Amino acid sequence: MRPTYFISDLHLAPDLPRVTAGFLALIEHIRGASALYVLGDLFEAWVGDDHRDEYNNRILAAFRALADSGTRLYFVHGNRDFLLGQGFAEATGGQLLPESQVIEVGGEKVLVMHGDQLCTSDEKFMAFRAQSRDPAWQQAMLANPLEQRLMIAGMWRMQSKANQSNKPENIMDVAAADVERVLRESGATTLLHGHTHRPQVHPLTVGGLPARRMVLGDWREEAGEAVIACADADGLRLETWTFQEPAPAG
Ligand SMILES: [Mn+2]
């Protein structure tokens with residue numbers, strides 16, 4: 001059985017050479033895998049599928065090469081790359097998924113999502129989420145010239161850096177009641193998500209039956225490793241992907 005991989009929260013950006021190199025190395029490493037699920041926040045920012053600079057083209061080409069090796073590619077939106085569209089999916093040879101989806105992998109039903117929709121205690125964030133997922137708001141945003149969208153994304157990034165909103169202590173954790181609800185509603189036994197930057201496996205009991213919540217890790221330049229997930233004949237588990245090597249010059 002060819003393995004299936006899950007990653008999230010890479011927050012890819014041109015000024016993160018080590019994370020970028022680590023991502024490209026992983027894509028190379030998993031060539032020929034059954035599938036790769038990217039569960040949101042692949043990019044630190046995505047301003048529209050028409051933003052095809054050298055950096056983005058390199059990322060898209062890597063995905064395309066993976067798809068061409070026979071690996072199915074699936075993307076879930078995060079709270080930073082909510083503007084990933086059909087043009088992106090087509091360029092990669094992959095497919096955009098709805099914000100939550102039950103898949104059959106490693107012999108079990110797994111509910112996959114970014115996970116930000118479970119952080120319901122953060123009202124300010126939930127309001128932003130509702131706005132940024134609104135098709136009319138997205139359309140208005142995408143109607144701005146690319147230059148202007150890049151400026152807006154730059155402002156978001158500066159704000160994010162200023163309040164260090166990528167740090168786990170600054171990201172609200174998921175609400176237990178919502179975790180239980182989505183597991184019940186989906187009929188899945190495992191919930192797999194990212195977003196919180198708190199990689200771990202949490203055993204749960206839902207409706208009197210054993211269940212679990214698996215959380216993927218974020219990728220950070222200083223850390224040089226990230227928690228991903230892999231599913232094969234032995235089941236679904238978290239794994240650590242290391243990318244210690246410094247990025248090649250240039
Ligand atoms: Mn996120």
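The model is a predicted one. Its open sheet is built from 6 strands, which follow one another in the order β4-β3-β2-β1-β10-β11, and the pairing among them is mixed. The edges are taken by β4 (95-96) and β11 (235-242), each of which has a single partner strand, so one side of each is left without a neighbour in the sheet.

**Strand β2 and its partners**

Strand β2 covers residues 35-39, and because 4 of its 5 residues are buried, this strand is largely enclosed by the rest of the structure. On one hand β2 is joined to strand β1 (residues 4-7) by 4 bridges, with the two strands running parallel; on the other hand β2 pairs with strand β3 (residues 72-76), again in the parallel sense, over 5 bridges. The table sets out residues that stand opposite each other in these pairings.

| Residue | Partner residue | Strand of the partner |
|---|---|---|
| Tyr37 | Tyr74 | β3 |
| Ala35 | Arg72 | β3 |

In a regular strand the side chains alternate between the two faces of the sheet.

Strand β2 takes part in two β-α-β units, which are described here in turn. In one of them, β1, helix α1 (residues 17-29) and β2 make a right-handed unit, while in the other, β2, helix α2 (residues 54-68) and β3 make a unit that is likewise right-handed.

**Helix α1**

The length of helix α1 can be checked against expectation: at 1.5 Å a residue, its 13 residues should span 18 Å, and since the C-alpha atoms at its ends are 18 Å apart, the two values agree. The buried residues of this helix are Val19, Thr20, Gly22, Phe23, Leu26 and Ile27. When α1 is seen down its axis, these buried residues fall within an arc of 160 degrees, and they therefore line one face of the helix. The elements that cover the buried residues of α1 include α2 and β11, where α2 is the helix of the β-α-β unit formed with β2 and β3 and β11 is an edge strand of the sheet. On the face of α1 that is turned away from its buried side, the exposed residues Glu28 and His29 are found.

How values were computed: Residues numbered from 1 in each chain as written. Predicted model: local features only at pLDDT ≥ 70, side-chain atom pairs only at ≥ 80, totals over all residues. Buried ≥ 20, exposed ≤ 12 C-beta atoms within 10 Å, placed from the backbone. Pairing = 2+ DSSP bridges. Right-handed = clockwise from strand over helix to strand, strands pointing away. Expected span 1.5 Å × (residues − 1). Arc of directions from axis to C-beta. Contact = placed C-beta atoms within 7 Å.
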